Amino acid sequence: MNRAVPRLVAVATLSMAMAACTSSSAEPPAPTASAGLNTGADCPGLAERGRRIVFGQALGTELGGLVLGTGSTGVVLAHMAGGDVCQWLPYGRELADRGYRVLAFDFAGSGSSPGSGVSRAEQVQAAAATLRAEGAGRTVLMGGSMGATSVLAATPTLDPAPAAVIALSPPTAYGDADASAAAPKITVPVFYGAGELEANFPDEARQLYNATPKTTQRQLVLAPSNQHGLFLVDPGTGEAGIRDQVKAFLDRHAPTA
């Protein structure tokens, strides 16, 4: 990993309004131990520290996930297109070592999770509810690329609201997830990040940042990198500067204690 601290373009605006919840839902059933969903099968060395669970049954689907850590602050990790939980596990293990309770999951139709008609935003919301059922008192939504768009789309109607949201290389829309429609409704702290050398994604991150209310605690960080999505913070490929910025954002808005 390149530890040279890169030049960063960062913008932050302090919040002047409290987050508002816009919907409510019944308490989800407790997650069950995995029965047949071999989540993380393609990366057994990374997955061995995780506990396999299945959730989403209340939505009429089954989503495979891996829980790492036991902290009271939970972090949902939403993967990129063409990937699965294995993409996030190096960073997920790092978060768990720092004291977070982490849930990395396979979107429906990816990895261990069978396909379904449930929207990606609803799947992210189910993951957040599962972390609360597991014992997390507050949650952070974090995603890369497709996963970033999905966590943004999930944020405005998630109840209880997340403590913070981190979107790395987010397209303004991906499939059924529309981040451009969600951004103006986001009232919780949100971090937008991208590599300056990525095609299109820095502009889309900037568009979403600009669409987010100025009264929301929002931050935009562009690093001089061609890494995409979650690989911007991966322990092996990430850029030191943006990794440090994400850590500082978590410490400020969703500390482990």
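## A pair in helix 7

Lys247 and Asp251 sit four residues apart in helix 7, about one turn of the helix. Helices here are DSSP runs of H or I with at least four residues, strands are runs of E with at least two, and both are numbered from the N terminus. The two residues form a salt bridge, with their closest N and O atoms 3.0 Å apart. A salt bridge means a side-chain nitrogen of Lys or Arg within 4 Å of a carboxyl oxygen of Asp or Glu.

How exposed are the two partners? Lys247 is partly exposed, with a relative accessible area of 36%. Asp251 is partly exposed too, at 40%. Buried means under 20% relative accessible area, exposed means over 50%, and partly exposed lies in between (1.4 Å probe, protein chains only).

## About the model

This is a predicted model: local features need pLDDT of at least 70, side-chain atom pairs count only at pLDDT 80 or more, and totals for chains, interfaces and linings use all residues. Residues are numbered from 1 along each chain as its sequence is written, and side-chain values use heavy atoms, leaving out hydrogens and water.

## Other salt bridges

The structure holds six salt bridges. Side chains of opposite charge can pair when their charged atoms come close.

One of the bridges joins Arg206 and Asp203, with the closest N and O atoms 3.2 Å apart. These residues are three apart in helix 6 (residues 201–211), so about one helical turn separates them. Arg206 is partly exposed at 34% relative accessibility. Asp203 is partly exposed at 45%.

Another bridge joins the side chains of Glu94 and Arg243 (3.1 Å, N to O). This pair links distant parts of the chain: Glu94 is in helix 2 (residues 85–97), Arg243 is in helix 7 (residues 240–253), and they are 149 residues apart. Both Glu94 and Arg243 are buried.

## Asp106 in its loop

Where is Asp106? It lies in the loop between strand 6 (101–105) and helix 3 (120–134). Asp106 counts as buried because its relative accessibility is 1%.

Which residues does Asp106 touch, beyond its neighbours within four places in sequence? Its contacts (heavy atoms within 4.5 Å) include Thr39, Leu63, His79, Asp84 and Ser113. Ser112 is also in contact with Asp106. The backbone nitrogen of Ser112 lies 2.7 Å from a polar atom of the Asp106 side chain. Met80 is 26 residues from Asp106 along the chain, and their C-alpha atoms are separated by 9.8 Å.

Definitions and conventions
Polar contact = N/O pair within 3.5 Å; in protein donor to acceptor, adjacent residues only side chain to side chain.
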